[in-house]
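Me: I would like to go through this structure with you. May I put some questions to you one at a time?

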Amino acid sequence: MDMSGGSRLDPYVDRYAARTHGMTTSEIRALFAVANRPEIIGMGGGSPCVSALPLDVIGEMTARLITDHGAQALQYMGGQGDERLRELICGVMALEGISASADDVIVTVGSQQALDVVSRIFLDPGDVVIAEAPSYVGALGTFTQYQADVVHVTMDDAGLVPEALRAAIADVARSGRRAKFVYTVPNYHNPAGITLIEQRRDEIVAICAEAGLLILEDNPYGLLGFDGPPLPALRARVADGIIYLGSFSKTFAAGVRVGWVLAPPGVKEKLIMASEATTLCPVALSQYVVAEFLAHYPWQEQVKVFRELYRARRDACLEALEGSFPAGSSWTRPAGGFYVWVTLPEGIDAKAMLPRAIQGRVAYVPGVGFYSDGQGRRNLRLAYSLPEPDRIREGIRRLAGVLAEELDIVATFGGGG
Amino acid sequence: MSDLGHVLVLAGGLSYEREVSLSSGRRVTDALASLGVEVELVDIDAQLLPRLLQDPPSAVFLAVHGIEGEDGGLRDALDLSGVPYVGATGSAARLAFDKPVAKAIVGRAGVHTPPSVALQHAAFRDLGGPALLERVVERLGLPLVVKPARGGSALGVTVVREAAELPAAMVGCYSYDGVALLERHIAGVELAVSVVDDGSGPVALPAVEIEALSGTFDYASRYTAGMTEYHVPARLSPELAAAAGAAAVLAHQALGLRDLSRTDLIVSAEGTIEYLETNVAPGMTTTSLLPLAAAAAGIELGSLCRDLLHRAAVRGFSAPGAPL
């Protein structure tokens, strides 16, 4: 191999599209590779506790499906997804007050693919997406791939702040840029663990309608509230102007990769075409498995099992934080879902601290990844969904020790910059 | 088929360089398998030692980077288990992996190395962080390179150009290791010189010149193809190229290393060769430097690894804690 003239080790480097320029490996990715090892108490990834599923039942069900319906379940199908599943999905959405036709539902490969196709049909380079601060990292990644700019809007303990949303919309308009939609996770927010209170929901919908902005309502956790029935979705209030994303990743199994979009009719047609261009059709076997589970298993009882399990883990997490985290820290108290959002004492950079945490055998996600503008250095996301309560308590104890060491170092250097 | 018998490539583990290590391990495993070697890639965990005792391999190739693979502990454990392995003994690896110690040893052997200090956090805490940093800046000047004393892949490394950036760089560095090396930044041509010993003495492979397009050869520049331009052999005069090779061989010998190593150097604007560090388990990924150098020398990676495994198997294991 002659490399005397120089080589960048990638012969295609000059051919990539402009949107790939940010696709580099990073120290954080390297650290997460370690965090997945069993020796580390992983409170980073938001993985559902699938071991709480009746795996034997699902195994038998899947075997029967293939035996009895393999010719369909192992075949291509329509790009919009299985009609029976779409009807069952309408039943799921009805629990959050949504009245919808199966005709307006598109099944996707997880709701991540839904984010992708929605972004593809709406976003031109330089368009603006308005999103909560912080916001789901997977959504930010998708918006960035379509070269959109994200403008963050403040949340408080009651969710997205209406006045801040109005101000952001006005700012974007003044700057001459075009906002295409508001991206929001109203229930048990990822990563913030906050829920948009009922009193603000109509106002948020009205603000967006007045500004001619679509709402992209991402609701994977809506059925996983700990304190009563689900709040009516934004989409339950009005059908126009809202694209609703749902998922079975948290209420059934992430590995089946089945999510969906409920969209206004014109949007729906474009989404189907965009989705077909990516996958031809959503995964047939997975759709059959989910449909069978919804149709023949008391799945709402299973969701209750998940809720109780996650509630116990949330409690363990909050109690441990209360008992061990230092003054100057604060955290949200989620009423459902998977996440606690922690603000660390002044001067601590959660990203810089991560190697020390990994060495201390505990992992979290640093806050900066949940912003597109560099905020979040003092924040971290803890996911309590996967570890057992005792492991959570131990993980928080370890993290408190890591934090004490880091505070000592930061104090030595006058605040750490 | 090779007569080497069953060999293992060890990779992964719990170090920060786990991902890089697994990538190195897979590449070495594939290269050996393509030559018909009976080889298996094994992740490091608590099952390793029982497994080595139950089914001892003829030799082990260490593709474990970072503290787990390079601080000597794993090598000592292999010696205790009676398993031969490619590369430095635990004692030698421990010296080489500690950058301040390696700089002192290689410097004493006659290779220039940039002025530096190695400081534990306690020194800053006891003497006052800002005051001690001020002294460091006064004596070493700016820019400075702040790096963990023990670690690789540029993790925790910051090039500090303004004094105001130092506190954050120190905090980031101490997150990776308890000792920080603060080293004068030398502008110049970055080189990686691999050294291989097939039994007839250590020989330097062609130097790889590194030109990070971002200006800093950081983690992303190392492992994202396209972000760095590599020149092999380096664009140096024959004299400088020979001097760089000699410096790498000298470092290999002074540190008491075996089989293979990779030494990172900088040729300053004045033409001085400056020693930075030596790796006892060099990366073997598709963007790693030793495989590039070997390819430039016409050495196929699989053959190189196979020959080194042969050598290790014949040599046998060392007495634990054997002197260099």
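Me: How many bridges join β8(B) to strand β9 of chain B, and do the two run parallel or antiparallel?

Reply: This is a predicted model. In it, three bridges join β8(B) to β9(B), residues 202-204, and the two strands run antiparallel. Within that pairing, B:Val196 has B:Val203 as its bridge partner.

Me: What lies between the strands in the hairpin of β8(B) and β9(B)?

Reply: Four residues lie between them, and B:Gly199 in this hairpin takes a positive phi near 115 degrees.

Me: Which strand is joined to β8(B) by nine bridges?

Reply: That is β12(B), residues 260-268, which runs antiparallel to β8(B). One bridge pair there is B:Val195 with B:Ser261.

Me: And how does β8(B) pair with strand β10 of chain B?

Reply: The pairing with β10(B), residues 208-212, is in the antiparallel sense and has three bridges. B:Leu191 finds its bridge partner in B:Glu209 of β10(B).

Me: Why is β8(B) described as largely enclosed by the rest of the structure?

Reply: Strand β8(B) covers residues 188-197, and seven of its ten residues are buried, so the rest of the structure largely encloses it. A residue is called buried here if 20 or more other C-beta atoms lie within 10 Å of its own.

Me: Turning to helix α1 of chain B, what span should its 16 residues have?

Reply: At 1.5 Å a residue, α1(B), residues 18-33, should span 22 Å, and its end C-alpha atoms are 22 Å apart, so the two values agree.

Me: Are the residues of α1(B) mostly buried or exposed?

Reply: Of its 16 residues, 13 are buried, so α1(B) too is largely enclosed by the rest of the structure.

Me: Which domains does the assignment give for chain B?

Reply: The domain assignment gives domain 1 as 6-88 + 308-315, domain 2 as 95-113 + 186-298 and domain 3 as 116-184. The centres of domain 1 and domain 2 of chain B, taken over C-alpha atoms, are 23 Å apart.

Me: How many residues are in contact between domain 1 and domain 2 of chain B?

Reply: In chain B, 17 residues of domain 1 are in contact with 15 residues of domain 2. On the domain 1 side, α1(B), α3(B) (66-70) and α13(B) (301-315) each give two or more residues. The largest share, five residues, comes from α1(B). By class, the domain 1 side has eight nonpolar, five polar and four charged residues.

Me: Now chain A. What does its secondary structure come to?

Reply: Chain A has 13 helices and 15 strands. Its radius of gyration is 22 Å, close to the 22 Å that the globule rule gives for 417 residues, so chain A is as compact as a globular protein of that length. Buried residues make up 47% of the chain's 417 residues. Among contacts in chain A between residues at least 6 apart in sequence, 75% join residues at least 24 apart.

Me: How many residues of chain A are in contact with chain B?

Reply: There are 34 residues of chain A in contact with 41 residues of chain B. The elements of chain A that each supply at least two residues to its side are β1 (3-7), α1 (27-35), α12 (350-359) and α13 (389-412).

Me: Which of them gives the largest share?

Reply: The largest share of chain A's side, six residues, comes from α1(A). That side has 15 nonpolar, eleven polar and eight charged residues.

Conventions
Residues numbered from 1 in each chain as written. Chains lettered and ligands numbered in written order. Predicted model: local features only at pLDDT ≥ 70, side-chain atom pairs only at ≥ 80, totals over all residues. Buried ≥ 20, exposed ≤ 12 C-beta atoms within 10 Å, placed from the backbone. Pairing = 2+ DSSP bridges. Expected span 1.5 Å × (residues − 1). Rg over C-alpha atoms; globule rule 2.2 N^0.38 Å. Contact = placed C-beta atoms within 7 Å. Nonpolar A, V, L, I, M, F, W, Y, C, P; charged D, E, K, R; others polar. Domains from an automatic or database assignment.
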